[in-house]
Amino acid sequence: MLTVLDSINLSTEYLKNKGIDSPRINAELLLAHILKCKRLQLYLSYDRPLKEDEIILYRELLKRRCKFEPLQYITGSTEFYGLEFKVTPAVLIPRPETELLVETIVSNYREKEIIKILDIGTGSGNISIALAKLLPEASIVAIDISEEALTIARENAKHNFATDRIQFLCHDILSDALLKDNDFDIIVSNPPYVTLEDFQMLDNELKDHEPTIALTDQADGFSFYRVITSKAGFYLKNEGEIYFEIGHCHTQQVKELLVSNNFGNIQIIKDFQNIDRVIIGEKL
Ligand SMILES: C[S@@+](CC[C@H](N)C(=O)[O-])C[C@H]1O[C@@H](n2cnc3c(N)ncnc32)[C@H](O)[C@@H]1O
């Protein structure tokens with residue numbers, strides 16, 4: 001008879017030997033997923049024996065995790081800004097550092113009345129949905145080139161009761177086509193910014209499982225910043241703002257792109273690891 005505690009201990013050892021980081025948490029989260037409970041609830045049922053079908057499923061999921069499939073794709077969900085998001089390999093797994101984009105916009109616009117936001121590269125819809133929940137007067141247009149990603153984003157909006165103020169559109173921001181709306185107060189974007197060279201050096205967990213189009217621009221890492229800053233003058237109202245997530249080493253070049261496209265009052269915000277993470281520019 002294998003209890004919850006026995007199986008967590010055995011699985012932790014197994015994952016550790018296969019080189020998985022944080023093996024205990026991974027073992028617990030996978031088992032919690034199978035038993036349909038919160039991780040902490042496992043601690044109250046350490047002596048519960050596992051059923052045969054639960055053991056079989058647990059083994060299958062552990063094998064997938066050992067092949068470095070991200071935990072969130074195996075369980076099918078993740079948390080962002082305290083909300084639950086469905087994730088599949090069609091969307092980037094929302095990262096905790098991206099919460100800083102949402103937090104910054106919310107603290108700057110909490111007092112404002114009606115605002116209109118354009119989210120470029122919405123993926124799972126995490127940024128738009130969190131903003132819609134926190135800014136009840138905001139209306140949002142969320143675009144992505146991937147229809148598959150937009151399907152997940154729409155499901156996430158429904159799951160989080162945020163469908164009424166978000167319009168999801170399939171649109172390639174790098175194309176010459178323009179959206180019909182051009183009266184936005186804010187553009188927010190966490191674009192693909194890994195260079196083609198750096199992409200080859202990413203961990204297998206990212207490179208082999210997360211969507212390539214979400215990670216790299218297949219060039220120097222600045223393609224999206226270049227295009228978005230050049231189109232932003234058209235899309236934004238006067239004094240409208242751009243909020244970009246940036247990677248390490250991007251600050252100076254993105255700042256120059258903003259300035260050369262008539263954006264001023266540039267602000268840079270660091271994340272919890274003291275890395276430049278958000279850059280803001282105001283249309284002059
Ligand atoms: C880094 S992910 C960001 C996802 C999500 N906003 C987040 O912060 O977790 C970039 C997103 O841009 C989308 N994308 C890539 N190329 C694009 C293009 N040419 N036009 C519009 N969206 C694009 C990808 O499909 C992906 O969802």
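Biologist: How many nonpolar, polar and charged residues does the shell around the ligand have?

Modeller: Please bear in mind that this is a predicted model. The shell comprises 12 nonpolar, 7 polar and 2 charged residues. Altogether 21 residues surround the ligand, and the closest are G121, G123, I145, N190 and A214. Two or more shell residues come from each of α6 (126-134), β4 (138-144) and α10 (212-215).

Biologist: How many residues of α6 are buried?

Modeller: A residue is called buried when 20 or more other C-beta atoms lie within 10 Å of its own. In α6, 7 of the 9 residues are buried, so this helix is largely enclosed by the rest of the structure. The buried residues are N126, I127, S128, I129, A130, L131 and A132.

Biologist: Which residues touch the most other members of the largest nonpolar core?

Modeller: That core has 56 residues, and L131, I187 and Y243 touch the most other members. A second, separate core holds 10 residues, including V4, A27, L30 and L31. To return to L131, its contacts beyond four places in sequence are with V102, I105, I117, A138 and I140.

Biologist: Into which domains is the protein divided?

Modeller: There are two entries to note: domain 1 covers 4-67, and domain 2 covers 77-283. Taken over C-alpha atoms, the centres of domain 1 and domain 2 are separated by 34 Å.

Biologist: How many helices and strands are there in the protein, and why is it described as being as compact as a globular protein of that length?

Modeller: The protein has 12 helices and 9 strands. Its radius of gyration is 21 Å, close to the 19 Å that the globule rule gives for 284 residues, so the protein is as compact as a globular protein of that length. The C-alpha trace spans about 70 × 40 × 35 Å along its principal axes.

Biologist: What percentage of the residues count as buried?

Modeller: Of the 284 residues, 35% count as buried. As for contacts between residues at least 6 apart in sequence, 66% join residues at least 24 apart.

Key:
Residues numbered from 1 in each chain as written. Predicted model: local features only at pLDDT ≥ 70, side-chain atom pairs only at ≥ 80, totals over all residues. Domains from an automatic or database assignment. Near = placed C-beta within 6 Å. Helix = DSSP H or I, 4+ residues; strand = E, 2+ residues; numbered from the N terminus. Nonpolar A, V, L, I, M, F, W, Y, C, P; charged D, E, K, R; others polar. Core = buried A, V, L, I, M, F, W, Y, C linked by C-beta atoms within 7 Å. Buried ≥ 20, exposed ≤ 12 C-beta atoms within 10 Å, placed from the backbone. Contact = placed C-beta atoms within 7 Å. Rg over C-alpha atoms; globule rule 2.2 N^0.38 Å.
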